[in-house]
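Hi everyone, thanks for coming. Please have a look at the sequence and the model on the screen, and then I'll walk you through them.

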Amino acid sequence: MTAAPAPSSRDLPHPAREEIRLEGVLHALADPMRLRIVRELAADGDELSCSRFDLPVTKSTTTHHFRVLRESGVIRQTYRGTAKMNGLRRDDLDDLFPGLLDALLAAAARQADRLGTG
């Protein structure tokens, strides 16, 4: 019997699919900066490093926003070398809450167009 390898100190905790809660997702996406991060991830369709996001907030606030998104199950973060990569958990969100992410992203795009912030 072999022991499972110890998790790396750089492994980040993520909720399992069945632990993701609608109210947590909605809370995470209610913040304009976090919604902006999710819109960028959805538009890119791939993983992006934290440094790819140019948010008008401090580094510690940016870190907080990514943590809220990860802990709510909206994104998955993994280390690749020294870069922390972020990917949208679209499959999990679409399976749990069909149509929710697309509706929120479409509404956010319409709002950005209306306000001229898109």
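Helices and strands here are DSSP runs, with helices being H or I of at least four residues and strands being E of at least two, numbered from the N terminus. In the hairpin of strand 2 and strand 3, 2 residues sit between the strands, and Gly81 takes a positive phi near 65 degrees.

A word on where this comes from. It is a predicted model, so local features need pLDDT of at least 70 and side-chain atom pairs count only at pLDDT 80 or more, while totals for chains, interfaces and linings use all residues. Residues are numbered from 1 along each chain as its sequence is written, and side-chain values use heavy atoms, with hydrogens and water left out.

Now the overview. The protein chain has 5 helices and 3 strands, and from the N terminus on they run α-α-β-α-β-β-α-α. Along its principal axes, the C-alpha trace spans about 60 × 30 × 20 Å. Of the 118 residues, 32% are buried; buried means under 20% relative accessible area, exposed over 50% and partly exposed in between, with a 1.4 Å probe and protein chains only. For contacts, meaning heavy atoms within 4.5 Å, take those between residues at least 6 apart in sequence: 64% of them join residues at least 24 apart.

Back to the strands. Strand 2, residues 75-80, and strand 3 pair in the antiparallel sense over 6 bridges, with Tyr79 opposite Lys84 in strand 3. Strand 1 also runs antiparallel to strand 3, joined to it by 2 bridges, and here Ser49 stands opposite Met85.

Next, what sits in the middle? Which residues touch the most other members of the largest core? Among its 23 residues, they are Val38, Leu69 and Val74. Helix 1, helix 2, helix 3 and helix 5 each supply at least two residues of this core, and the largest share, 5 residues, comes from helix 2. Setting aside neighbours within four places in sequence, Leu69 is in contact with Ala28, Leu29, Arg34, Ile37, Val38, Val74 and Ile75.

Leu69 brings us to helix 3. This helix has 14 residues and reaches 20 Å from its first C-alpha to its last, close to the 20 Å expected at 1.5 Å a residue; the expected span is 1.5 Å times one less than the number of residues. Its buried residues are Thr62, His65, Phe66, Val68, Leu69, Arg70 and Ser72, and what covers them includes helix 1, helix 2, strand 2 and strand 3. Is Ser72 buried or exposed? At 10% relative accessibility, Ser72 counts as buried. Not counting residues up to four places away in sequence, Ser72 touches Pro15, Ile20, Gly24, Val25 and Ala28. After helix 3 comes Gly73, with a positive phi near 90 degrees.

There is also 1 aromatic pair in the structure. Phe53 lies in the loop between strand 1 and helix 3 and Phe66 in helix 3, so the pair ties together parts that are 13 residues apart in sequence. As for the cut-offs, rings of Phe, Tyr and Trp (its six-membered ring) pair if their centres lie within 6.5 Å; planes under 30 degrees apart count as stacked, over 60 as edge-to-face and the rest as tilted. Both Phe53 and Phe66 are buried.

Last stop, helix 5. Its buried residues include Leu101, Leu105, Ala108 and Ala112. Seen down the axis, the buried residues of helix 5 fall within an arc of 60 degrees, so they line one face of the helix; the arc is that of the directions from the helix axis to the C-beta atoms. The face turned away from the buried side carries the exposed residues Arg110, Asp113 and Arg114. Covering the buried residues of helix 5 are parts that include helix 2, strand 3 and helix 4. Just after helix 5, Gly116 takes a positive phi of about 70 degrees.

How values were computed: A nonpolar core is a set of buried Ala, Val, Leu, Ile, Met, Phe, Trp, Tyr and Cys residues joined through side-chain atoms within 4.5 Å. Two strands pair if DSSP finds at least two bridges between them.
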